[in-house]
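Thanks for making time this morning.

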Amino acid sequence: MEIISGQFLTLLVIDIQVIQDLAITASIGVATIILTNLVLLPVLMSFITVSKRSVDHARKSQQQESRVWQVVAKLASPKVMPVSILIALLGFAAGAYQATDLKIGDLDPGAPEFHPDSRYNLDNLFINSHYATSADLFITYLETQPEGCSRYPVMDAIDRYMWHMENVPGVQSALSLVTVSKQVIKGLNEGSLKWQSLSRNPYVLNNSVGNAAALFNADCSSAPIILFLDDHKAETLERVVQATQAFAAINNTEEFQFVMASGNAGVEAAINEIIAQAQNKMLFWVYVVVSILCLITFRSVKAVLCIIIPLGLTSVLCQALMSYLGIGVKVATLPVIALGVGIGVDYGIYIYSRLESFMRQGMSLEEAYYATLKITGKAVTFTGVTLAIGVGTWIFSPLKFQADMGILLTFMFVWNMVGAIWLLPALARLLLVPRVGGGVLAET
């Protein structure tokens, strides 16, 4: 039984549409980068006059030796390449193992946008700890035929469902028209606890729910069962959903059915279900689009692998970091990895385009990489560090959501830069050098 009910379908479509729009935006960003770097920039430079002094300064800078880039260029040597590949494989394995604990949804009680020590979350914790009510409501509906919600078999099923759910960890209490019916029947019998139960007499049942109009619809064909939860953490919602599904699978009949779900916790459970289905599909299509655009540009599958594999390593490590820090995958965090791919591919494009041009001139891979770093190394490093510092300031935000985004984006910007500088030349040595003949890439 799926969680999604028709009245919340529009909300979920909007959430997924946001994710899809962000993925499309990232893909358009990659296409724009390729267009501006390879087409627009040369056209603009042809219209802009460059002074002789600037040309002389650029030539002088290229002719000067750089001790730092000489050391970094060793990453393209045949001796260092196996070590880099081994480290990358170990990183993939460790990241994938840690990412198996990645949860879907919120992992903290209260409002996930705030830190645990915020005033709202402290007040929410106090209320949940001292009262049998909470702000996290999971509402299951019992649907039956018109005028059927006050019949004994239906109300008995609701009563058994309430008892079943109140014994699920994370559920504080339950409320429905059965609750009102029992209280009214008890009150009509001098408050005796012996009468606090459902009556099989249809007249008594109908009379007992007369003042509970808010707990069923106009024709008595649908009745909500309100569950007050301790929190809306992923584990809590998963237990509630599984318990409801198990009960419904046994007790649903042609006469009545239990249908999930409403309330803020019910909607969140439905969103979590959609995200669990969509996250891998979204990442798959982001990488497919980015790979196709890079393939169109460089016309080489191996070139695409050199650019994409470092991005894949960063994505896996980012998921591992989310698992380690207790950041769940939700509508707010799901697009981060996609955006990291769209922005991070920039570094690989810069480095590989220069590396390929120097190798076509007859240079060895190590020489070509050193020449590449002298031209683009400073720009790539400056771009990565600038982006990381910019979003790194979010870490100190009083909003937990923004602080989490700062951590994840800073990590992805830095690791995408490191992956392009460190892993790309090792992959080029592994994939391209055996196909190089006479100093020119044989596959082109």
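Let me start with a definition: buried means under 20% relative accessible area, exposed means over 50%, and partly exposed is in between, with a 1.4 Å probe and protein chains only. Before I use it, please keep in mind that this is a predicted model, in which local features need pLDDT of at least 70, side-chain atom pairs count only at pLDDT 80 or more, and totals for chains, interfaces and linings use all residues. Residues are numbered from 1 along each chain as its sequence is written, and side-chain values use heavy atoms, with hydrogens and water left out.

With that rule, Phe47 counts as exposed because its relative accessibility is 69%. Phe47 has its place in helix α1, residues 9-47, where helices (H or I, at least four residues) and strands (E, at least two) are DSSP runs numbered from the N terminus. Phe47 also belongs to a nonpolar surface patch of about 770 Å², together with Leu35, Leu38, Val39, Leu40, Val43, Leu44 and Ile48. Patches are made of residues with over 30% relative accessible area and no salt bridge, like charges being joined within 9 Å and nonpolar side chains (Val, Leu, Ile, Met, Phe, Trp, Tyr) within 5 Å. The accessible areas themselves come from the Shrake-Rupley method with a 1.4 Å probe, and for residues only the protein chains shown count as cover.

For the chain as a whole, the accessible surface comes to about 22400 Å², of which 64% belongs to carbon and sulfur atoms. Of the 444 residues, 48% count as buried, and the chain holds 14 helices and six strands. Taking contact to mean heavy atoms within 4.5 Å, among contacts between residues at least 6 apart in sequence, 79% join residues at least 24 apart.

Now a lysine: is Lys182 buried or exposed? Lys182 counts as buried because its relative accessible area is 19%, and this residue lies in helix α7, residues 177-187. Not counting residues up to four places away in sequence, Lys182 touches Asp159, Trp195, Gln196, Ser197 and Leu198. With Asp159 there is also a polar contact of 2.9 Å between the side chains; a polar contact is a pair of N or O atoms within 3.5 Å, where within protein one must be able to donate a hydrogen and the other to accept it, and residues adjacent in sequence count only if both atoms are side-chain atoms.

Turning to the strands, β1 (residues 137-144) is mostly covered, since six of its eight residues are buried. Two strands pair if DSSP finds at least two bridges between them, and β1 pairs in the antiparallel sense with β3 (residues 222-229) over seven bridges, where Phe138 stands opposite Leu227. β1 also pairs in the antiparallel sense with β4 (residues 256-262), over six bridges, and there Glu143 stands opposite Gln257.

On to charges: a salt bridge is a side-chain nitrogen of Lys or Arg within 4 Å of a carboxyl oxygen of Asp or Glu, and by this rule the count comes to eight. One of them joins the side chains of Glu366 and Lys74, at 3.5 Å from N to O. This pair links distant parts of the chain, 292 residues apart, with Glu366 in helix α13 (residues 365-392) and Lys74 in the loop between α3 (67-72) and α4 (81-99). Glu366 is partly exposed at 23% relative accessibility, and Lys74 is partly exposed at 45%.

Two further salt bridges sit within helices. Asp156 and Arg160 meet at 3.1 Å, N to O, and they are separated by about one helical turn because they are four residues apart in helix α6, residues 152-166.

I will end with two C-alpha separations. Ile389, found in helix α13, is exposed at 55% relative accessibility, and its C-alpha atom is 7.3 Å from that of Thr410, 21 residues apart along the chain. Lys302, found in helix α11 (residues 301-325), is 130 residues from Leu432 in sequence and 7.1 Å from it in space, C-alpha to C-alpha.
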